[in-house]
Amino acid sequence: MGTEYPDAGNAEAPWTEDPAAAADVEYGDGDYADVEYSDADHGGVEYGPAARVACVITVDGSYAARLARHGDCWFPERWTLDGPEPYAVPLPGRQPEEPGTEVHPMGDGRVLIRRFADGRHNFSLLYPTGPETGELPLGAVECPDRGTLLRLLPPAPGGEMAYALAVGRRSSAVWLVAGGAFGPEHLAEIPGRCSGGVWLDGTGRMLALDREVGGRTKTIVVDLERGGEVSPLLQIADGSDDRLLLADPDSGLLLISSDAPSPGRPRLGWGVLGSTLPVRFPECLRVPDCAVTPFAIQPGQVLMPESCGVALRVDGPTGSWVGVWRPAARQVEHLPAPAGWLTGAGLWTGQGELLLPYATEGMPCGVVRWAAAGSLSGEAVDRGHPGPGEPGVGEAGVGGVGPEDPDGRVGSTSEPGPPEPVALRPVPLQQAPLGNLVTK
């Protein structure tokens, strides 16, 4: 894989935006349906349905980006979420986009776009310039091997940089594709085929990836400031497939998929980064005949992982809806998804409100808020209600293999101490003891 970029490099494009003027920009009144993606490079299991999220949100919740549709044409759209009410700015190019084009919001309001043509992944930054769309080319990543899959990683903390993962036949590469000095930059080459992508810290240094080697998948950590140094993170049992789905740097809460407690049947569980407690697999997170995918964790709960709200996407025979759960709780609260929900997209505020973006013909840019009482409303004003549930002890689970009881617990039932503080560097969860499991 090689890199090509223009002489302009990553120079800043001077631009300003008047929110009122931007809100008046129109691009027709066509269909606002979501983009459907295949899951060829998603690496999802039972807890990952075949579609990627329809909308990508920055870590701080200021901006979002999606590929919207006008008739038969696709175009990028930037949403501003941190104002008094959300509004969308269409960013159409000179020609319609392909349905598989990826868009990615940056922290300054620009939108990164990845287009694929002739074996090259071309990256540009889009921004509004009155009625037109400005575009700053960043360069391209060339993938001569047709078997190589490249996709953008989730937004990094800070919003100044964007990364991509290129998965080849025998190795995977991490690229810095926006925010560098000279266009796309190759950061790390990792043996094995990787998927996923979760940030473990607030600086964009520690990246967790799920790596498949020898037919088994384990989560590793890539240190982007030490030349891509790799260390293990999630290895619950030697013969299990273990994946990291979400992480919250404030509390250290990890959402995990593993078939360790029931071989061949992935279970959704949780653990704490840097803790010596084992991973737990609550029975309430098993919804019959449904795929359950966590998509957002409440931030700001420093050293209190059990009090974090977790938003779940539930996909069943009758459609998709939203679940809300906290490790301290013994049940999931199920909520109807708003009409036009950009499926799989959402964000928790530090005050405990869950924001769900949606788009319909009558409301092309809307946000539903879920507050403490569990009610859904379309109001755009942040009421600042705390979320439900008090800090407590979560359901028991498994840190290894052993006989499973009807409640999904494995091992002994004695009481442990409180969770350890979050460590500066990840601690492999295989080191967690198998006994002393919580049973409350």
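1. Contact here means heavy atoms within 4.5 Å. With that in mind, among the contacts in this predicted model between residues at least 6 apart in sequence, 51% join residues at least 24 apart.

2. A quick look at the overall make-up: the chain holds 1 helix and 28 strands. Of its 440 residues, 53% count as buried. The chain exposes about 18600 Å², and carbon and sulfur atoms supply 52% of that area.

3. The largest nonpolar core has 19 residues, and the members that touch the most others are L253, L255, L285, L312 and W325. Strands β19 (253-258), β20 (267-272), β21 (291-297), β22 (310-316) and β23 (319-325) are the elements that each give two or more residues to this core. Apart from it lies another core, this one of 18 residues, including M106, L125, C143 and V177.

4. Setting aside neighbours within four places in sequence, L255 is in contact with R243, L244, L245 and L246, with G269 and W270, with P294 and I297, and with V310 and W325. Of these partners, W325 is also listed with L255 among the residues that touch the most other members of the largest core.

5. Finally, the cysteines. Is C73 buried or partly exposed? C73 has 29% relative accessibility, so it counts as partly exposed. C143, by contrast, counts as buried because its relative accessibility is 5%, and buried means under 20%. If you are wondering how many disulfides the model has, the count comes to 0.

Terms used: Residues are numbered from 1 along each chain as its sequence is written. This is a predicted model: local features need pLDDT of at least 70, side-chain atom pairs count only at pLDDT 80 or more; totals for chains, interfaces and linings use all residues. Side-chain values use heavy atoms; hydrogens and water are left out. A nonpolar core is a set of buried Ala, Val, Leu, Ile, Met, Phe, Trp, Tyr and Cys residues joined through side-chain atoms within 4.5 Å. Buried means under 20% relative accessible area, exposed over 50%, partly exposed in between (1.4 Å probe, protein chains only). Helices (H or I, at least four residues) and strands (E, at least two) are DSSP runs, numbered from the N terminus. A disulfide is a pair of cysteine sulfur atoms within 2.5 Å. Accessible areas come from the Shrake-Rupley method with a 1.4 Å probe; for residues, only the protein chains shown count as cover.
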